[in-house]
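Visitor: Could you walk me through this complex, please? I have the files open.
Guide: Gladly; let us look at it together.

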Amino acid sequence: MSILGLYNYWIVILLMMTGFYITISRTNLVKQMVGLFMFQTSVFILYISMSKVEGGTAPIIAEGLTLYSNPLPHVLILTAIVVGVATSALGLALVVRIQEAYGTVEEDEILDQDEEP
Amino acid sequence: MTHHHVLRVIAKLMIPFILLFALYVQFHGDFGPGGGFQAGVIFGAGIILYALIYGVETASRVLPPRIVRAGVALGILLYAGVGLAGLLLGGNFLEYGVLASDPTRGQHVGITLIEFGVGTTVAAVMITIFFAFAGRRTQS
Amino acid sequence: MIAAHLPALQVVIPLIAAPVCLLLHHSGLVWGFAPLVSWSTLGIAAALLDQVLASGTISYAMGNWAAPWGIEYRIDVLNGFVLLIVAGIGAVVMPFARTSVRREIPADRISLFYTAYLLCLAGLLGITITGDAFNLFVFLEISSLSSYILISLGKDRRALTAAYRYLVMGTIGATFILIGVGLLYMMTGTLNMADLANRIPPVADTRTVRAAFAFLTVGTGLKLALFPLHLWLPNAYAYAPSVVTAFLAATATKVAVYILLRFFFTVFGATMIFESLPFGEILMALAVLGILAASSVAIIQNDVKRLLAYSSVAQIGYMVLGISFASVTGLTAGIVHLFNHAMTKGGLFLVMGCLVFRAGSARISDLEGIGKQMPWTMAAFVVGGLSLIGIPLTVGFISKWYLILAAIEQGWWPVAAVVLIGSLLAVIYIWRVIEVAYFRPWPRDRAPVAEAPLDMLIPTWTLIGLTIYFGLHTSLTVGVASQAAESLLGATP
């Protein structure tokens with residue numbers, strides 16, 4: 001269990017923080033959404049990589065196989081992916097509506113417009 | 001895209017197979033990998049490909065938005081209806097075992113119907129999302 | 001036969017009703033249908049709470065898959081009580097919705113509004129009823145996604161940016177909860193909350209479980225609008241349609257408080273959180289800061305809806321303060337305040353709905369002299385305001401009384417003083433509105449406005465009346481809350 005042996009978690013953390021940073025630091029709403037998707041997707045990888053059993057195969061019953069990976073996290077994450085799709089569709093739909101209402105998708109310009117009475 | 005003959009011909013050849021593959025994934029889901037979610041997305045992708053090549057208006061003549069929207073609702077209702085059927089037949093909500101005289105067969109019936117409901121809703125939602133974004137400019 | 005299946009029906013009825021609404025697509029039909037659904041969920045919730053009080057915890061196995069493997073719906077006194085609050089608010093708000101929604105939402109979107117509302121109701125009830133940690137995440141997202149839609153239906157374009165910001169912060173919160181649940185699953189191999197409670201203590205000292213705890217707390221804190229994670233709340237409440245604000249303010253944050261209680265006391269156990277980690281003090285500090293900062297900011301608002309939204313952040317502080325004591329009295333205070341604040345704030349936001357309906361605006365400067373024009377509406381505001389301050393005979397007094405008792409019981413005198421200061425700040429911001437409404441003349445050049453229509457006044461006064469009723473008859477609320485508090489703390493040795 002060396003530090004490098006847990007490389008899947010390092011990848012997850014890297015992706016998660018990248019996505020989180022994009023979401024926080026960008027002012028462009030579309031880029032923020034991209035960051036948010038990355039952030040969500042990294043969690044999917046966390047779940048899927050955790051379900052891997054060393055030496056196990058895909059959890060479909062077949063002759064000669066006794067060791068299977070854990071299928072439950074896959075099922076859970078299928079649900080989470082659907083939630084992610086819904087979130088991204090709704091988020092982008094809101095961005096489209098914001099663009100129509102304000103004529104821009106830059107957060108600072110939107111804030112400027114709102115401050116003028 | 002009227003002048004892209006290659007795309008139009010290839011798409012016309014591909015789309016039936018994509019839809020067929022979706023149905024395979026849908027109904028083979030209880031024997032191998034597959035199921036409603038995947039099948040729904042593949043089916044939706046077939047329709048979206050059609051809309052990309054032939055235009056959203058043509059696609060919405062094939063599948064009018066009202067029907068797609070009804071599909072969203074009907075899929076969920078099928079799912080919930082199977083759940084309620086289990087309840088009415090004396091089991092718990094979503095208990096498939098009571099749907100047929102033999103519990104194993106009941107499980108089979110239940111999961112097939114449920115996955116069909118899921119597939120319908122997912123395909124309809126995918127198409128609705130695409131129409132909502134792609135048809136936006138013509139609406140406003 | 002039906003009685004045994006009430007736990008499933010509680011969630012399934014609104015969940016099925018939502019696509020039916022989409023199919024009906026005719027606003028008249030939909031309006032007749034949605035309140036029926038809402039009232040039936042209230043009936044079910046009342047029957048469930050009654051069943052729990054009479055015969056103890058109810059467990060319902062979805063699809064008859066036995067508990068630790070299948071999804072279990074588990075109802076004890078605490079979530080029975082929260083179910084009643086959510087369903088009750090939904091039932092009262094629905095009759096109000098018809099007139100208000102017709103004014104504030106374009107006609108072609110009305111059936112979509114009811115669809116989203118029913119989904120949101122189903123999600124909130126689902127979060128409360130489920131005994132499965134992952135199922136909780138799914139219902140949380142159902143309710144959140146539909147609440148983003150409901151908020152974005154507001155007339156002002158700022159409703160869009162408010163909904164967008166809530167979407168970003170809410171998604172981060174929900175994803176944090178997902179990470180926390182994943183880490184717990186990794187350590188214990190189970191998702192059932194009761195089962196988790198048994199399996200966590202042996203591994204409670206590992207870093208993974210602590211990380212899971214941190215993720216769950218921050219994620220829930222975002223949904224809860226716990227200070228300083230409340231930034232999405234004021235705009236979302238201020239620009240959403242009035243009915244939506246009343247419904248969400250009275251239910252969504254309350255359900256988030258429930259999630260916090262459930263994870264702290266049932267899943268992790270009070271011992272781990274409040275004894276081996278110094279979390280009680282952290283929570284208390286955040287609650288105190290939240291009460292003082294949000295109440296002060298509320299005073300300088302020019303829009304009454306925003307003012308009440310900031311006051312909501314402060315009230316959440318009171319609930320969290322009660323939780324942070326981790327004593328029976330403290331938890332009782334928190335849970336009672338959850339109920340009382342739902343009544344009070346729900347009622348006050350309905351008043352704002354009436355004002356916006358007639359006067360067209362919720363800005364303080366537009367409410368000059370409105371007290372004489374709409375006497376019943378403004379009287380409701382006064383009573384609700386008194387309850388927010390915590391004057392005796394209203395529910396607000398009951399919860400603050402228990403909070404102060406809990407603080408003194410543990411020797412936290414300064415905290416008791418903070419509760420009083422918070423009330424004084426509430427006096428100031430409520431008085432600002434009352435002064436403008438009653439002691440300024442109606443502008444001469446402005447046409448007089450009529451009293452709000454009856455179908456809006458009756459729901460408003462139902463909630464406001466309940467704040468007085470439960471201020472006088474505390475046995476139901478305090479009795480149930482202290483039972484819930486005892487069971488939460490008794491679950492851990």
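Visitor: What ipTM and pTM does the predictor give the complex?
Guide: This is a predicted model, and the predictor gives the complex an ipTM of 0.93 together with a pTM of 0.92.

Visitor: And what does chain C average in pLDDT?
Guide: The average for chain C is a pLDDT of 87, and 99% of the residues score at least 70. Among the elements of chain C, the highest mean pLDDT, 92, belongs to α5(C), whereas the lowest, 76, belongs to helix α11 (residues 270-276) of chain C.

Visitor: Switching to chain A: how many helices and strands are there?
Guide: Chain A has four helices and zero strands, so that from the N terminus on its elements read α-α-α-α.

Visitor: Is chain A compact or spread out?
Guide: Chain A is more spread out than a compact globule, because its radius of gyration is 20 Å, which is well over the 13 Å that the globule rule gives for 117 residues. The C-alpha trace of chain A spans about 70 × 30 × 15 Å along its principal axes.

Visitor: What share of chain A is buried?
Guide: Buried residues make up 24% of the 117 residues in chain A. As for contacts between residues at least 6 apart in the sequence of chain A, 42% join residues at least 24 apart.

Visitor: How many residues of chain C touch chain A?
Guide: On the chain C side there are 21 residues, in contact with 26 residues of chain A. The elements of chain C that contribute two or more residues to that side are α5 (133-152) and α6 (158-188), and α6(C) gives the most, with 13 residues. By class, this side of chain C has 13 nonpolar, five polar and three charged residues.

Visitor: And what about chain C against chain B?
Guide: There, 12 residues of chain C are in contact with 14 residues of chain B. Helix α1 (residues 6-24) of chain C supplies the largest share of the chain C side, seven residues, and by class that side has nine nonpolar, three polar and no charged residues.

Visitor: One last thing: where is Gly32(C), and is that residue buried or exposed?
Guide: Gly32(C) sits in helix α2 (residues 27-55) of chain C, and it is exposed, because it has 12 other C-beta atoms within 10 Å. Gly32(C) and Met94(C), which are 62 residues apart in sequence, are 10.0 Å apart in space, C-alpha to C-alpha.

How values were computed: Residues numbered from 1 in each chain as written. Chains lettered and ligands numbered in written order. Predicted model: local features only at pLDDT ≥ 70, side-chain atom pairs only at ≥ 80, totals over all residues. Buried ≥ 20, exposed ≤ 12 C-beta atoms within 10 Å, placed from the backbone. Contact = placed C-beta atoms within 7 Å. Nonpolar A, V, L, I, M, F, W, Y, C, P; charged D, E, K, R; others polar. pLDDT = per-residue confidence, 0-100. Rg over C-alpha atoms; globule rule 2.2 N^0.38 Å.
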